[in-house]
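Keep the viewer open as you read.

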Number of protein chains: 2
Amino acid sequence: MPGVLEPREDGRPHVVIIGGGFAGLYAARNLGDPRIRVTVVDRRNHHLFQPMLYQVATAALSAGDIASPIRSVLSRHRNTEVILAEVVAVHPDRRTLDLGDGSSIEYDYLICAPGARHSYFGKDQWEYLAPGLKNLEDALEVRRRVLLAFERAERERDPVRRQGYLTFVVVGGGPTGVEMAGALAELRRYALRKDFRHIDSREAVVMLLEGGTRLLTSYPPSLSDRTKDVLRRLGVEVRLETLVTDIQPGYVVAAGWTIPTHTVIWAAGNVASPLLKTLGAPLDRQGRVLVEPDCSVPGHPEILVLGDAAAYHARDGHRGGGVSPEGLLPGTAPVAIQMGEYAARTIKNDLRGRPRTGFQFKEGRSGPSGDGGSGGSEPAGNRHPFQYWNKGQLAVIGRGRAVADIGRLHFSGFVAWLIWIFVHIFFLIGFRNRVIVLFEWAYSYFTFKRGARLIQGEVHAPVPTEPIQTP
Amino acid sequence: MPGVLEPREDGRPHVVIIGGGFAGLYAARNLGDPRIRVTVVDRRNHHLFQPMLYQVATAALSAGDIASPIRSVLSRHRNTEVILAEVVAVHPDRRTLDLGDGSSIEYDYLICAPGARHSYFGKDQWEYLAPGLKNLEDALEVRRRVLLAFERAERERDPVRRQGYLTFVVVGGGPTGVEMAGALAELRRYALRKDFRHIDSREAVVMLLEGGTRLLTSYPPSLSDRTKDVLRRLGVEVRLETLVTDIQPGYVVAAGWTIPTHTVIWAAGNVASPLLKTLGAPLDRQGRVLVEPDCSVPGHPEILVLGDAAAYHARDGHRGGGVSPEGLLPGTAPVAIQMGEYAARTIKNDLRGRPRTGFQFKEGRSGPSGDGGSGGSEPAGNRHPFQYWNKGQLAVIGRGRAVADIGRLHFSGFVAWLIWIFVHIFFLIGFRNRVIVLFEWAYSYFTFKRGARLIQGEVHAPVPTEPIQTP
């Protein structure tokens with residue numbers, strides 16, 4: 001198979017979707033039309049409900065609870081094929097892409113939603129010492145380190161070193177950092193309380209370090225303050241305007257201050273997939289494509305870039321709801337879902353002969369090429385720009401505690417938490433996952449226990465403490 | 001800490017338990033007495049419900065569903081401490097044991113239940129090509145290989161190579177092999193049926209190779225025949241008297257016959273933990289300790305060896321119920337559980353001054369040393385030998401299909417399956433696991449789906465097919 005260009009199987013237009021995240025999956029679900037051929041390429045076999053990864057990392061949920069096989073989610077769409085492979089390059093000029101196994105795929109439309117990874121702002125050596133939370137392996141690794149730190153503290157007789165094991169540092173005060181810090185605070189306070197004989201897990205220190213002046217910068221300031229108060233009440237040491245300047249085995253340096261710790265979790269920055277560089281499109285500082293108002297790549301209306309791979313300038317209708325200081329839509333699941341739906345609608349409109357102005361469907365193929373009498377002078381895609389409908393944003397801080405920013409309503413507490421649970425379960429793909437997650441939550445809410453406290457992988461693999469091998 | 005001998009903390013007798021499997025955990029649970037100090041040492045943080053590992057391997061259950069943290073199971077026993085560490089040696093003369101971190105522990109009693117691994121009969125190079133099922137990592141690796149084989153078949157255009165990906169070979173016709181083959185047959189027939197576009201998962205071949213003349217040799221012959229029939233009706237190719245003579249990347253040689261396959265699962269042999277060699281006790285061919293009738297090591301009544309680490313000669317009362325042709329009790333969970341309870345009872349009796357004859361509690365300590373007026377001429381431990389109460393044995397073959405050997409009753413089918421479910425859920429440790437497993441089973445029974453079809457770990461890590469690096 002390597003080296004072979006996959007032949008067009010029939011005369012149908014071929015939409016290739018890179019990435020089975022929220023954007024890719026919602027695009028595929030909305031392209032379930034037998035007249036279109038759809039191929040989803042992902043290097044993992046599962047869609048991941050990323051907003052709940054921190055629950056896997058803190059042992060509240062199992063890996064399987066927040067992931068569904070992409071094949072299974074799309075099995076009823078008979079026009080859709082799923083390929084487990086890594087895309088290594090896109091050739092926009094030839095309308096092909098290369099897979100890691102050496103084969104190529106031709107496309108008529110490309111939906112590019114490969115997601116993002118952590119960014120360490122040039123300090124890549126921090127990655128091993130301070131893993132982030134993007135995929136299941138990340139979450140299981142964080143869980144392993146957190147649980148092992150308690151195990152080592154239990155065996156450590158030296159009080160200073162013991163405190164190092166019992167200090168957990170979360171870097172970054174965005175939603176992931178806030179949720180992670182809150183979950184860690186509850187883990188040590190409730191779930192582990194009775195399990196140790198030589199330590200009191202409640203004495204563990206959870207620190208949340210944020211370089212800016214407030215937490216959750218995409219929320220209104222009143223909710224940022226409220227979040228800080230709730231975290232402090234949970235026993236989290238919140239430090240604002242505290243930039244991390246160094247991470248070493250056994251300690252972190254932040255704002256000139258050395259914190260002994262063996263467990264650091266990174267939630268401070270993102271960088272988009274390096275695959276985007278092969279598109280030849282203009283990228284922003286985080287490596288995202290500066291897309292047109294219809295999410296397309298400038299000069300390539302057949303390539304749509306979605307989700308946190310896109311730097312999309314918020315328009316008039318997009319107020320609040322996490323729009324960044326630079327005026328960009330946030331890399332959240334709701335934006336990705338709406339972009340996926342929009343991309344599917346756009347492609348279907350094209351194929352029905354209702355073209356975006358300036359768009360040329362591939363020559364010699366059935367499709368909207370040249371029809372539609374509108375003048376060619378308008379910039380591409382201006383006719384039907386993507387419109388983000390901001391339904392609000394929610395972040396959970398702990399058991400029965402959350403903050404909500406919904407339209408003009410800013411509130412926090414138990415009701416916000418209930419809304420969060422409802423929204424998240426509703427969006428969890430797959431009936432089974434919904435029921436299991438609901439049960440796990442009910443279980444941990446009423447019993448204060450954590451159901452998934454397994455250390456998977458090598459127990460004796462190193463944690464970044466003792467003599468270290470940088471990977 | 002390394003190098004330090006842990007001091008005796010108080011005057012209480014110290015029982016150290018190696019292994020948090022069924023034997024070790026049931027011993028610990030029955031030693032919950034404040035006058036005794038108990039320490040459980042395991043190199044994993046979780047107890048594993050090993051009989052259901054094949055369900056994790058075939059994506060029916062998540063890893064977390066069949067495992068509970070040992071700490072959590074024992075958290076209410078305030079006299080019990082849990083240490084996450086590997087035991088590297090026992091020194092029966094000094095009554096100490098060495099941990100992997102360089103520290104040592106003194107004991108008064110040692111319960112040694114470290115379990116077993118697979119045996120490849122001297123062909124250790126087969127391990128990488130044909131993993132077995134002993135721990136969660138094994139099961140997740142088998143799951144990864146099985147699901148990846150379908151993914152590769154979907155992408156493979158050459159029909160011969162495709163068939164190699166779609167052939168699954170299970171080696172060994174004991175309970176694990178039978179259950180694994182049945183579960184694979186159902187996975188390809190139901191759960192994956194609608195997910196692929198280029199292959200029909202139902203065309204996958206599942207082979208069960210057994211060297212002997214029948215499956216489930218510990219069961220009555222009528223049930224062996226019945227099992228073979230049910231497996232064949234599920235589409236499993238059962239081959240008896242078929243010894244595997246070679247395993248290579250891409251094929252297996254059995255009875256002079258070459259089977260192209262990329263997925264081999266080993267369920268053919270066990271060898272006990274190498275730790276047992278440090279006891280200086282007589283071992284059998286599988287490395288198990290030839291224990292006394294009270295499960296003790298000859299000459300060391302304070303060391304009790306339990307579970308599949310013990311070669312225990314079945315006595316008059318132990319008829320049927322999986323007793324091996326050599327007359328040994330099987331390495332099953334029920335035997336381990338009863339041994340664990342027996343060991344706890346024995347130790348408590350000793351400490352109450354009702355000694356086993358010939359047993360000398362350590363000098364200078366409170367305890368039964370020298371008291372109890374019974375004569376010293378009887379061989380050690382003959383007074384209260386371990387008595388296995390055989391409640392029967394059950395093996396599940398598939399959805400609604402199982403075989404049961406309970407006393408004089410030998411039967412198969414739906415009722416046997418219901419009994420199996422009831423018994424297994426009943427023994428699953430922890431309320432949460434029980435409910436989740438029940439739900440997952442109900443879900444997969446009524447929908448034919450599998451809930452845990454995640455490929456964890458590196459998707460692009462090699463499976464043993466293409467150019468191979470032997471580890």
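Two strands pair if DSSP finds at least two bridges between them. Helices (H or I, at least four residues) and strands (E, at least two) are themselves DSSP runs, numbered from the N terminus. This is a predicted model, in which local features need pLDDT of at least 70, side-chain atom pairs count only at pLDDT 80 or more, and totals for chains, interfaces and linings use all residues. Residues are numbered from 1 along each chain as its sequence is written, chains are lettered from A and ligands numbered from 1 in the order in which they are written, and side-chain values use heavy atoms, with hydrogens and water left out.

**The sheet in chain A**

Start with strand β1 of chain A, residues 14–18. This strand runs parallel to strand β9 (residues 109–112) of chain A, and 4 bridges join the two. If you want one pair to click on, A:V16 has A:L110 as its bridge partner in β9(A). β1(A) also pairs with strand β2 (residues 37–42) of chain A, again in the parallel sense, over 5 bridges. There, A:I18 stands opposite A:V41 in β2(A).

How many of the 5 residues of β1(A) are buried? Buried means under 20% relative accessible area, while exposed means over 50% and partly exposed is in between (1.4 Å probe, protein chains only). For β1(A) the count is 5 of the 5, so the strand is largely enclosed by the rest of the structure. Both of its faces are covered: A:H14, A:V16 and A:I18 are on one side, with A:V15 and A:I17 on the other.

Axes here are lines fitted to C-alpha atoms, for helices over the stretch in contact, and angles run from 0 to 180 degrees between N-to-C directions.

**The sheet in chain B**

Chain B has an open sheet of 6 strands as well, in the order β5-β2-β1-β9-β21-β20, with mixed pairing. Its edge strands are β5 (80–84) and β20 (296–297) of chain B, and each pairs on one side only. Further in, strand β9 (residues 109–112) and strand β21 (residues 300–305) of chain B pair in the parallel sense over 3 bridges. B:L110 stands opposite B:I303 in β21(B).

**Helices that pack together**

| Helix pair | Angle | Axes |
|---|---|---|
| α7 (175–191) and α8 (221–233) of chain A | about 20° | 10 Å apart |
| α7 (175–191) and α8 (221–233) of chain B | roughly 20° | within 10 Å |
| α1 (22–29) and α9 (333–351) of chain B | about 35° | 7 Å apart |

Let's take the α1–α9 pair of chain B. α1(B) passes α9(B) in a right-handed crossing. A crossing is left-handed if the near helix is turned anticlockwise from the far one by less than a right angle, and right-handed if clockwise. On the α1(B) side, B:F22, B:A23, B:Y26 and B:A27 meet B:A333, B:A336, B:I337, B:G340, B:E341 and B:A344 in α9(B). Contact means heavy atoms within 4.5 Å. By class, this contact has 8 nonpolar, 1 polar and 1 charged residues.

In chain A, the crossing of α7(A) and α8(A) is left-handed. A:V178, A:A181, A:G182 and A:R189 in α7(A) meet A:T227, A:L231 and A:R233 in α8(A). In chain B, α7(B) likewise passes α8(B) in a left-handed crossing.

**Two loop residues in chain B**

B:S273 lies in the loop between β18 (270–272) and β19 (289–290) of chain B. Is B:S273 buried or exposed? At 15% relative accessibility, B:S273 counts as buried. Leaving aside its neighbours within four places in sequence, B:S273 is in contact with B:P114, B:G115 and B:A116.

B:L328 sits in the loop between β22 (310–311) and α9 of chain B. B:L328 is buried too, with a relative accessible area of 6%. Apart from neighbours within four places in sequence, its contacts include B:D284, B:R288 and B:Y312.

Note on methods. Nonpolar A, V, L, I, M, F, W, Y, C, P; charged D, E, K, R; others polar.
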